[in-house]
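User: I would like to learn how to read side-chain contacts in a model. Please take the features one at a time, with the general idea ahead of the case.

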Amino acid sequence: MEGIVFSSLVASGSALAGSAFAIAAITGAVSIGLSVGLSYLAASIFAPKAPKPEDVQQSVRQPAAPRVRHYGRVKVSGPWVFAEAKAGAFYKVLVIGQGPIDAIEEYWVDDTLVTLDSNRDVTHPTWQSGWGPLLHIETRLGAGTEAFYSPLAGEFPNWTSAHRGNGVASLFAVQRPVEAEFYGGCFPNGINTNYRLVIRGAKVKNPVTGVTAWNDNAAAVIRDYIVHRDGMRLPETIVSTPLAQAGWVEAYNRAAASIATKAGSEPRYRLWGSYTLEERPADVLGRMMASCDGRLVPTADGGLTLDIGEWQEPTVTLGTDTIVGLSEVGPSRDILTTANTIRAKYLDPNQDYQGADADPWVDAADVSERGEIATDMEFIMAPSHSQARRLMKLASFRANPSLVGQFQCNLGGLAAFGERFVRISYPDFGINSVFEVQDFRFNIGEGGILQGVTIQVQSMPSAAYTWDAAQEQGDAPVYDETEVDNTVPVPVAPTVDILAGPIARLSFSPAPAVILSVEARYKLTSSSTWNSITVTKGATTADSSTLVEDEEYEFQLRYVTEKGRAGDWSVSAVALADSVP
């Protein structure tokens with residue numbers, strides 16, 4: 001019987017999204033490996049793309065949009081599920097994501113932060129008029145049994161009380177009727193006005209307290225994804241064995257530990273972001289792991305737990321009494337993985353909750369020696385620059401280990417199963433260092449007897465986990481929000497000359513932009529009724545109709561955009577209709 005190797009692959013970052021056990025007989029291994037490799041390649045090519053933070057902020061009309069679920073704090077919009085106009089008003093319902101979500105913290109209309117009154121009407125001056133508020137917004141958090149939007153049902157019989165949207169967070173907006181001349185100012189994007197929310201996403205179970213509430217702790221988020229019906233759907237019993245539970249508690253506490261920043265402190269590892277239900281669970285879990293230096297570990301009692309990176313002196317030492325062979329031991333700078341410049345993206349709340357480029361982690365001495373060798377990484381669920389930089393530091397050490405090797409051990413090597421760090425003491429090669437376990441294999445001999453293990457390791461010094469915020473945090477991207485004044489300017493009052501008739505001739509300066517035209521009007525000072533004066537495009541004068549002799553009149557100007565958005569009227573110019581002074 002040929003030997004069989006059981007391989008327990010270390011799950012870390014995006015390389016692997018879970019502990020996997022592979023069994024490959026030596027005979028036929030090439031053909032099996034080729035088949036698996038081609039299947040994996042095909043799955044990778046045709047796998048649904050992960051949503052970028054900016055993707056979930058778009059509101060689109062899509063007949064069958066994938067469902068989306070959110071963790072932590074994110075800024076989101078969603079696909080249309082209802083859109084209809086009636087009596088000059090426009091009604092729209094958007095699906096924000098799978099519920100329940102915890103809370104809505106901010107409301108955005110296009111790029112304007114707004115607040116709602118007790119009637120759920122927008123209070124911002126842009127959407128106010130003399131006859132009442134012009135924009136109404138309601139939301140639902142996606143509870144198991146939701147309330148339907150009664151104002152919508154009152155206008156459209158096909159939307160009934162049965163349309164509750166149970167388990168779905170949603171937004172309902174009404175753009176109320178507005179005069180054509182003001183419509184462009186209130187709703188410049190018309191029916192495509194974009195509604196976005198800053199939300200606290202899914203509620204998750206705290207493995208320490210057992211309480212289910214909003215929490216962005218990396219361990220709590222990953223545990224929720226593993227067992228949730230919209231996640232990996234593993235039975236909760238697998239993460240609840242005594243050893244697994246102890247591991248989750250330790251991972252939670254590590255993620256919650258306070259880490260110094262330039263501005264103060266923050267939890268070590270948080271996760272904010274979104275995933276679609278059509279993504280492969282391995283891909284979703286992969287980007288979660290990458291953003292918290294996490295790896296899944298099987299436990300001796302049949303459970304599954306999480307190990308979050310934190311330096312600790314190894315409790316397991318492999319020495320000459322355990323190591324029976326070794327290979328590929330020595331310094332390593334793998335041309336495929338080495339790098340002296342780490343570039344990465346992270347989620348930046350200060351950049352409108354979108355992906356931002358972190359300050360690169362550069363080994364200046366190595367760049368001077370070898371030239372720049374850069375690699376790009378994604379920590380897109382890491383919501384702070386500090387968190388991204390700490391992950392980049394670890395990536396730099398892993399890209400340039402001082403020593404790598406593969407060690408064959410007898411059964412004493414089982415002590416290293418599930419360990420992140422081990423110390424290897426092998427005096428014949430001058431080795432006495434701490435290593436990070438990359439791969440752990442069970443060696444099965446004839447008759448199915450376990451003969452030993454093979455461990456793939458690379459050096460990982462304690463310096464990789466030290467942190468000096470002042471020296472190592474770097475500089476986050478500058479948030480440079482340009483304030484654009486889109487208001488229509490107000491012209492100065494016209495010069496008025498009374499001519500025979502009598503009529504009034506208005507003189508004024510040309511419009512300050514080609515997209516603006518001039519409108520004019522007049523009225524008796526004693527009246528409230530205004531009369532229009534025709535102004536030719538590009539003209540700088542305009543004549544009124546015949547006026548009443550010896551009566552006092554007011555004259556005003558305003559600018560109107562090419563899309564019909566009108567500015568405010570100028571102050572009045574007052575003149576007496578006296579054609580014979």
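Analyst: Begin with aromatic rings: rings of Phe, Tyr and Trp pair if their centres lie within 6.5 Å. Ring pairs of this kind link Phe 82, Tyr 91, Phe 156 and Trp 159 into a cluster. Keep in mind that this is a predicted model.

User: How many aromatic pairs does a search of the whole structure find?

Analyst: The search finds 19 aromatic pairs. A pair of aromatic rings is described by the distance of the centres and the angle of the planes. Take Phe 417 and Phe 442, whose centres are 5.4 Å apart with 50 degrees between the planes, a tilted pair. Phe 417 lies in the loop between strand 26 and strand 27, while Phe 442 belongs to strand 28, so the pair ties together parts that are 25 residues apart in sequence.

User: Are Phe 417 and Phe 442 buried or exposed?

Analyst: Buried means under 20% relative accessible area. Phe 442 has 14%, so it counts as buried. Phe 417, at 26%, is partly exposed.

User: Why is the pair of Tyr 426 and Phe 429 called tilted?

Analyst: Planes under 30 degrees apart count as stacked and over 60 as edge-to-face, with the rest tilted. The planes of Tyr 426 and Phe 429 stand at 45 degrees, so the pair is tilted; the ring centres are 5.7 Å apart. Tyr 426 is buried, with a relative accessible area of 13%.

User: Which rings have a charged end sitting over them?

Analyst: Trp 108 has the charged end of Lys 75 over its ring, 3.5 Å from the centre. Over the ring of Trp 530 sits the charged end of Arg 521, 3.9 Å from the centre.

User: How many salt bridges are there?

Analyst: A salt bridge needs a side-chain nitrogen of Lys or Arg within 4 Å of a carboxyl oxygen of Asp or Glu. By this rule the count is 36. One of the pairs is Asp 307 with Arg 254, where the closest N and O atoms are 3.0 Å apart. Asp 307 is in strand 19 and Arg 254 in helix 5, so this bridge links distant parts of the chain, 53 residues apart. Both Asp 307 and Arg 254 are buried.

User: Where do Glu 310 and Arg 268 lie?

Analyst: Glu 310 is in the loop between strand 19 and strand 20, and Arg 268 in the loop between strand 16 and strand 17. Their side chains meet in a salt bridge of 3.3 Å, N to O. Arg 268 is buried at 13% relative accessible area, whereas Glu 310 is partly exposed at 26%.

User: Which residues are linked with these in a network of salt bridges?

Analyst: The network includes Asp 307, Arg 254, Glu 310 and Arg 268. Among its other members are Glu 250, Asp 293, Arg 295, Arg 398, Arg 420 and Glu 436.

User: What distance is given for the salt bridge of Asp 357 and Lys 345?

Analyst: The side chains of Asp 357 and Lys 345 meet at 2.9 Å, N to O. Asp 357 lies in strand 23 and Lys 345 in strand 22, so the pair ties together parts 12 residues apart in sequence. Lys 345 is partly exposed, at 31% relative accessibility.

User: How many disulfides does the structure hold?

Analyst: A disulfide is a covalent bond between the sulfur atoms of two cysteines. The structure holds 0 disulfides. As for cysteines, Cys 186 is buried, with a relative accessible area of 8%. Cys 409 also counts as buried, at 4%.

Methods: Residues are numbered from 1 along each chain as its sequence is written. This is a predicted model: local features need pLDDT of at least 70, side-chain atom pairs count only at pLDDT 80 or more; totals for chains, interfaces and linings use all residues. Side-chain values use heavy atoms; hydrogens and water are left out. A disulfide is a pair of cysteine sulfur atoms within 2.5 Å. Buried means under 20% relative accessible area, exposed over 50%, partly exposed in between (1.4 Å probe, protein chains only). Helices (H or I, at least four residues) and strands (E, at least two) are DSSP runs, numbered from the N terminus. Rings of Phe, Tyr and Trp (its six-membered ring) pair if their centres lie within 6.5 Å; planes under 30 degrees apart count as stacked, over 60 as edge-to-face and the rest as tilted. A charge sits over a ring if NZ of Lys or CZ of Arg is within 6 Å of the ring centre and within 35 degrees of the ring normal.
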